[in-house]
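Reader: Please show me the model. I would like to go through its nonpolar core and its aromatic rings.

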Amino acid sequence: MKLKNSYIYILQQNSTKLQENRHFLTREEILNINDLPLKPIAEHFKLNIINNNYSEKRQASGKLKINSSTVSIFIELTETKKAIYLSVSAEGAESNCIEALEKIHDYINEDLGYNRITITSFDSISNYYCKKAYPLLSNFDRKLRLLMLNIFTYIYGENYFEQIPDKDFKINIKEIIQAKGNKTKKSTERLKLAFYSLDYSKIIKLLFNIELNENPITTQIETNTQSTQSCAESNNYWHILFSKKIPDVEFKNKITKISKLRNSIAHSKLFYKKDYEHFITLVNDLSNKIEQAIEITQEDDFNKLYQEMKNSERKMFELAEKNVSTLISNSILKYFTTK
């Protein structure tokens with residue numbers, strides 16, 4: 001297999017490092033002095049320089065030993081009036097090629113004393129790890145949506161879309177799903193596709209009911225930290241329904257981190273080995289917890305958990321009303337006592 005990484009070098013001509021005798025170095029002088037970047041790469045990885053003529057494509061090749069095997073490396077540097085382009089090719093077993101490209105990539109991105117900006121223009125390394133991560137991401141996404149559907153169809157019934165109190169949820173779905181037909185057909189299509197149409201931020205918001213922070217009642221009592229925290233926990237679907245059987249105080253933080261990594265995977269952004277390993281750790285952990293939660297939603301005593309949630313909601317609003325009443329009373333008292 002042959003894989004390639006590509007880079008663009010932008011030289012910073014206005015730096016004092018590129019000045020000599022109080023004048024700016026020309027492009028040819030920069031290349032002659034620093035031999036940017038072919039020579040240092042070739043020397044570091046013990047590659048042979050095939051052609052180093054500045055008027056032509058400059059090239060180097062050789063072999064790197066990776067995991068008791070060898071990977072063939074070919075580097076080519078080309079120039080235009082406005083940019084320098086570098087390509088690094090590796091040929092061999094795929095995993096060995098990736099490791100070889102990683103070594104060269106890390107070296108290229110070190111500060112080698114040259115005044116230049118290095119931009120990765122094509123990245124086989126990220127492509128490799130995104131492809132490895134995507135099947136796990138797809139499976140995780142589907143489990144999460146299954147859990148959401150189990151929760152909300154149970155709580156709000158077959159017409160869950162209209163019953164969920166989150167106004168943004170309904171507005172977003174109607175904007176995304178351009179359903180056609182009469183009212184019944186539109187409603188049916190939204191019921192089928194609602195959770196397949198939401199991005200992660202909306203799903204997380206719905207699961208942890210972040211809209212509580214926008215509630216005018218709870219906004220009034222933000223100064224009372226203990227009360228606000230109690231309300232937040234009471235209005236958190238995950239906390240009420242699953243926290244006793246699946247204790248994990250970091251669940252929300254973990255799924256938020258997955259959301260950020262997911263964005264890199266799904267949109268072909270930079271995604272390296274450390275990102276992949278972090279993603280795998282998070283997904284494996286939360287996949288197990290979501291599977292447990294799915295099982296709980298399908299157990300007979302899930303109704304008991306639901307009733308506990310309803311009682312918590314009632315207590316939350318009683319607490320909110322009490323705090324608002326206290327704040328109003330204190331404000332009135334303060335107003336008259338200061339007169």
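**Core and rings**

Reader: Which residues touch the most other members of the largest nonpolar core?

Author: This is a predicted model, where local features need pLDDT of at least 70, side-chain atom pairs count only at pLDDT 80 or more, and totals for chains, interfaces and linings use all residues. Residues are numbered from 1 along each chain as its sequence is written, and side-chain values use heavy atoms, leaving out hydrogens and water. A nonpolar core is a set of buried (under 20% relative accessible area, 1.4 Å probe, protein chains only) Ala, Val, Leu, Ile, Met, Phe, Trp, Tyr and Cys residues joined through side-chain atoms within 4.5 Å. Of the 80 residues in the largest one, those touching the most other members are Ile73, Phe152, Phe169, Phe242 and Phe279.

Reader: Which helix gives the most to this core?

Author: Helices are DSSP runs (H or I, at least four residues), numbered from the N terminus. With 14 residues, the largest contribution comes from residues 124–156, helix 4.

Reader: How are the rings of Phe152 and Tyr156 arranged?

Author: Both residues lie in helix 4, four residues apart, about one turn of the helix, and both are buried. Rings of Phe, Tyr and Trp (its six-membered ring) pair if their centres lie within 6.5 Å; planes under 30 degrees apart count as stacked, over 60 as edge-to-face and the rest as tilted. At 6.1 Å centre to centre and 5° between the planes, the pair is stacked.

Reader: Which residues do ring pairs link into a cluster with Phe152?

Author: The structure holds 11 aromatic pairs. Through such ring pairs, Phe152 is linked into a cluster with Tyr156, Tyr160, Phe195 and Tyr237.

Conventions:
Buried means under 20% relative accessible area, exposed over 50%, partly exposed in between (1.4 Å probe, protein chains only). Helices (H or I, at least four residues) and strands (E, at least two) are DSSP runs, numbered from the N terminus.
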